[in-house]
Amino acid sequence: MMGGLDRNTNTRSRDYLEGMLSDYVGGKGKGKPQKSTSARLVTALTCLQFAFAVYATFLLYYMSPSIDLRTKPDFTWATKIAQQWKQYIIPPHIIGHYQDSASLVRLAEIQPITPSEVCEHEKIDFEQKKSSDAQMIKLKTELYHEVLDFQSQNIGTETLAQLMAMKSKWDLKGPNRPKVTVILNHFKRKTLCAQLDTLLQQTLPFHHVWVLSFGSPNELSLKRIVDSYNDSRISFISSSYDFKYYGRFQMALQTEADLVYIVDDDMIPGKKMLQILSHVAGTEKYKNSVLGSIGRILPFRQKDFTFPSYRKFRSKEAGLYLPDPAYDITLDKIVQVDFLSSSWFLSAEMIKTLFIETPFTFSTGEDLHLSYQLQKYRNAGSFVLPVDPKDKETWGDSEHRLAYVSETTVIFKDIVQVRDDQWWKALSTGYITQWAAMHPQKIDALFYAHSVDEVKALAPLLAKFRSTVGKKAYIAVSGGNFCPCEDAATALRWPKLVCNERRFKIFDLAVGALSDISNSEVVVLQGVYASMKGLIKIHNPSVVIAVADIDPNVKKTLKMARETNGNGTTLVLLPRSSVSKVLWMADLRTTALPNWNRMRISVNIITQNRVHSLTRLLKSLSDAYYLGDEVPISFNMDSKVDEATIRLVSSFEWPHGPKTLKRRIIQGGLIRAVSESWYPSSDDDFGLLLEDDIEVSPYYYLWIKYALLTYHYDPQVSLPELSSISLYTPRIVEVVKERPKWNPTEFFKNIHPNTPYFHQLPCSWGAVFFPKQWREFYVYMNMRFTEDAKKNPVQIPKSRTNGWQASWKKFLIDMMYLRGYVSLYPNFPNQASFSTNHMEPGAHISAKDNVVKHDKSDFEVPLLKEDFRNFLPGGKLPPASRLPSLNLFNMPVSLKGLKAAGAKLGQDVIGCNNATEIVMVDHQTGLPARCARF
């Protein structure tokens with residue numbers, strides 16, 4: 001800089017001398033020949049040179065060593081000579097003229113311009129438009145109060161005085177005063193001076209002001225204005241390229257300040273705004289927020305389940321503009337909005353969130369994109385601050401006209417369409433708008449597909465949900481290169497138009513667009529997580545459904561999104577081969593669906609020396625559908641197990657869960673082998689007990705799970721009498737001495753030939769037992785077991801079970817009879833079942849001491865090899881209240897009647913009123929606790 005200044009000074013001096021000589025020559029030689037003028041100039045210069053030579057001679061003399069310099073030399077004589085000669089060389093009027101000119105030049109350069117000389121001011125020659133539509137004023141006011149009431153009850157709203165009374169980390173006068181960078185973006189509007197004037201008068205001084213001019217035709221005048229303030233804190237930044245609305249936010253990334261205040265050129269903030277904004281931003285409640293003075297609440301859903309344009313005329317659902325002078329809506333309390341307009345105040349660190357996702361467009365919508373990204377990735381809210389109506393210094397726009405008037409003016413139709421598309425895209429990818437917060441949705445299922453193939457795999461179940469009366473289900477797809485929405489719609493046989501409708505059906509997360517040029521999965525997983533987290537919070541699905549072989553990282557992301565919300569949503573991961581087998585899932589109540597993963601069903605096999613039978617059982621178990629659930633398997637072997645069985649169970653591969661081998665040291669017999677084969681670890685632990693001569697249907701696990709979710713895990717169903725679920729359908733009445741044949745299909749034909757039913761008889765040929773009743777059974781058998789069966793105090797009238805010996809089932813029958821418990825049985829044509837008994841020789845069948853002859857055809861039933869839903873009444877399990885119930889002898893008796901029969905017998909472990917009471921137990925321990933009325 002100094003070099004530059006020097007060069008300028010030398011240049012001016014050189015010009016000055018040349019000018020003097022030219023003027024001298026021109027003045028004296030005017031009208032004379034050129035030759036005479038040149039001769040006179042040469043003479044003058046020669047004389048001047050001679051004068052300096054004489055002067056120099058005397059100067060050298062006085063500088064010689066022989067001269068005593070302690071005495072003051074007198075050069076006045078030389079000065080007098082020079083002055084006299086000067087009169088002959090250059091006339092005085094020439095010197096004076098150039099001295100005056102040089103002074104003017106220096107004065108022009110040194111004298112600064114002032115704002116008053118360069119400032120221009122916006123002329124406001126119009127009045128704020130006011131609506132005269134009484135109906136619209138009423139609708140808008142009602143909606144505003146609905147929003148305010150909701151927020152007051154849920155997050156709390158404060159007045160300006162209350163906000164300023166809250167504790168803040170920022171102190172106006174103390175050592176912890178915030179640094180605030182103010183960014184002003186200008187194009188054509190003439191408001192810069194007004195903004196700078198009010199900023200210079202702020203009660204909290206700013207740290208820096210950056211005036212931006214991107215592609216502005218007024219760049220030079222804007223710079224002159226900034227220069228006129230002569231304040232080192234105010235900087236001017238310009239570019240011939242128009243960075244549009246996002247450029248100011250990009251510049252904000254460079255600040256070292258604590259807070260950033262980005263202000264449109266139509267806002268003239270009051271003198272207290274920086275103080276108010278900084279204080280609120282420093283409170284614990286609003287530290288993770290973006291604050292402003294104008295905001296918008298996006299549209300609400302209409303009665304036809306679509307969303308209107310945010311600019312729809314005469315529509316309450318179109319949302320709100322706050323504050324809105326057109327409808328006399330002013331803010332006396334802080335309000336959360338969907339996005340801010342015209343000014344944004346936030347921590348500098350939060351600015352970068354704006355650029356996590358590529359904006360929908362750079363042409364407009366930076367206001368919505370900022371609020372959307374902040375909420376999506378930082379859980380940050382957007383708030384409009386209240387004002388003191390009597391104090392303009394608290395207003396975000398002290399003129400209250402420039403910014404607010406735009407709401408009542410015309411906006412281009414294409415811009416409205418772009419912004420409509422933008423906010424709908426945000427809502428479709430998890431943006432929780434005020435409508436979503438005020439009107440939480442409840443749907444049954446939200447499907448997620450990361451590829452088109454996954455869409456195709458899930459399509460049958462999605463179609464079943466959407467075609468089931470009373471059910472709601474949507475699908476979210478990754479979008480981008482992974483799964484474009486249009487391709488997904490085609491795979492679902494939906495019109496491609498669904499991708500553009502403002503109606504909930506398919507959500508394009510557009511996460512593929514985040515990784516077009518990236519090899520990292522981080523951006524994709526971040527996009528999936530953030531979007532699904534928001535969608536789950538908005539729609540509260542009972543289940544989120546995806547294929548089990550989805551990308552492992554995406555799977556983890558879905559789990560995180562579900563866990564973050566904590567709203568009871570369950571993630572269901574289905575093997576592709578099982579999707580078409582669980583269409584009954586859509587028939588479950590919404591309240592039952594979240595329990596999909598709650599139960600733990602273990603397979604417990606009792607075996608000893610029938611390796612051929614065991615091989616058959618294991619093959620049938622391996623061929624069944626398990627829906628991706630973890631299913632533990634255990635082998636319970638008595639001490640006399642043979643070598644072939646040990647080798648088989650040791651080498652058996654079970655991919656569905658852990659495998660456990662248990663072998664007794666001392667032979668225990670069938671009672672111990674069965675009763676000790678399983679004990680529940682929790683109230684969600686269910687035990688399937690199978691002897692090795694059983695074989696199961698491929699659908700057996702589906703039946704168990706469907707029944708549990710319908711009759712046990714549905715909070716709307718109360719069925720404490722249900723203690724087990726049978727896989728088998730009996731063909732005879734087992735407890736009657738004659739063992740007559742029995743056909744439930746024929747028996748229930750007047751209700752429905754294939755209705756499931758409750759039966760007081762437990763099944764020993766394939767059944768799942770419930771944890772609470774199994775603990776109860778353990779205690780009961782321990783209290784009632786006798787070596788001599790005849791000494792058993794329980795004797796059920798006319799039951800052949802009274803004489804059974806060495807039978808665990810006899811004790812379970814007694815307990816169920818005394819306490820009114822039942823088992824659920826399937827009922828399909830020809831007694832086709834989910835399990836069958838091959839009646840092979842064992843502890844009971846063909847035993848030497850068993851005088852009962854067994855006809856194999858009375859026990860062996862066909863296995864179901866097709867989807868059992870086709871046989872059920874109406875294609876689904878009936879409500880529990882419509883299921884018939886049978887007593888031990890296959891006679892229709894109500895559940896209450898069964899309890900009455902047990903109470904009447906009066907042979908339980910503790911005495912109760914034989915007419916009105918039965919024994920109740922502590923289900924955690926199984927111990928009898930008290931008598932209770934039924």
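**Entry 1. Terms and model**

I call a residue buried when its relative accessible area is under 20%, exposed when it is over 50%, and partly exposed in between, with a 1.4 Å probe and protein chains only as cover. The model is predicted, so I note that local features need pLDDT of at least 70 and side-chain atom pairs pLDDT 80 or more, while totals for chains, interfaces and linings use all residues. Residues are numbered from 1 along each chain as its sequence is written, and side-chain values use heavy atoms, with hydrogens and water left out.

**Entry 2. The whole protein**

I looked up the overall figures before any single residue. The protein has 934 residues, and 53% of them are buried. Its secondary structure comes to 26 helices and 29 strands; these are DSSP runs numbered from the N terminus, helices being H or I of at least four residues and strands E of at least two.

I then looked at contacts, meaning heavy atoms within 4.5 Å. Of the contacts between residues at least 6 apart in sequence, 80% join residues at least 24 apart.

**Entry 3. Cavities**

A cavity here is a set of points on a 1 Å grid where a 1.4 Å probe fits but cannot get out, and its lining residues have an atom within 4 Å of a point. The volume is the space filled by probe spheres set on the points, which are joined across faces, edges and corners.

I found five cavities of 30 Å³ or more in the structure. The largest cavity holds about 100 Å³ of space. Its lining has 13 residues, and Y728, P730, E734, L761 and W765 lie nearest the centre. By class, the lining of the largest cavity has nine nonpolar residues, four charged and no polar ones. For these classes, Ala, Val, Leu, Ile, Met, Phe, Trp, Tyr, Cys and Pro are nonpolar, Asp, Glu, Lys and Arg are charged, and the others, Gly among them, are polar.

The second largest cavity holds about 80 Å³. I list its lining residues as E120, K188, R189, K190, T191, L192, C193, N218, S221, L222 and I225. They divide into four charged, four nonpolar and three polar.

**Entry 4. Disulfides**

I counted a disulfide wherever two cysteine sulfur atoms lie within 2.5 Å. A search of the whole structure gives three. With bonded cysteines counted along the chain, the pattern is 1-2, 3-4, 5-6.

C193, which lines the second largest cavity, is bonded to C119, S to S 1.8 Å. The link of C119 and C193 is left-handed, with -90 degrees about the S-S bond. C119 sits in the loop between α5 (115-118) and α6 (134-154) and C193 in helix α8, so the pair links distant parts of the chain, 74 residues apart. Both cysteines are buried.

The sulfur atoms of C485 and C499 are 2.1 Å apart, and the two form a disulfide. This link is left-handed, at -100 degrees about the S-S bond. C485 is in helix α16 (residues 485-491) and C499 in the loop between α16 and β14 (506-508), 14 residues apart. C485 and C499 are buried.

C912 and C931 form a disulfide with their sulfur atoms 1.8 Å apart. Their link is left-handed, with -80 degrees about the S-S bond. C912 lies in the loop between α26 (895-905) and β28 (917-921) and C931 in strand β29 (residues 928-933), 19 residues apart. Is C912 buried or exposed? I record C912 as buried because its relative accessible area is 18%. C931 is partly exposed, because its value is 24%.

C483 is in no disulfide, and the nearest cysteine sulfur, that of C485, is 8.2 Å away. C483 counts as buried because its relative accessibility is 0%. I also checked C763, which is buried with a relative accessible area of 4%.

**Entry 5. T203**

Last, I looked up T203, which is in the loop between α8 and β2 (208-214). T203 is partly exposed, because its relative accessible area is 34%. Leaving aside neighbours within four places in sequence, T203 is in contact with L172, K271, K272 and Q275. T203 and I276 are 73 residues apart in sequence, and their C-alpha atoms are 9.4 Å apart in space.

Note on methods:
On a 1 Å grid over the protein atoms alone, a cavity is a set of points where a 1.4 Å probe fits but cannot get out, and a pocket is an open set with protein on both sides within 12 Å along at least five of seven lines; lining residues have an atom within 4 Å of a point.
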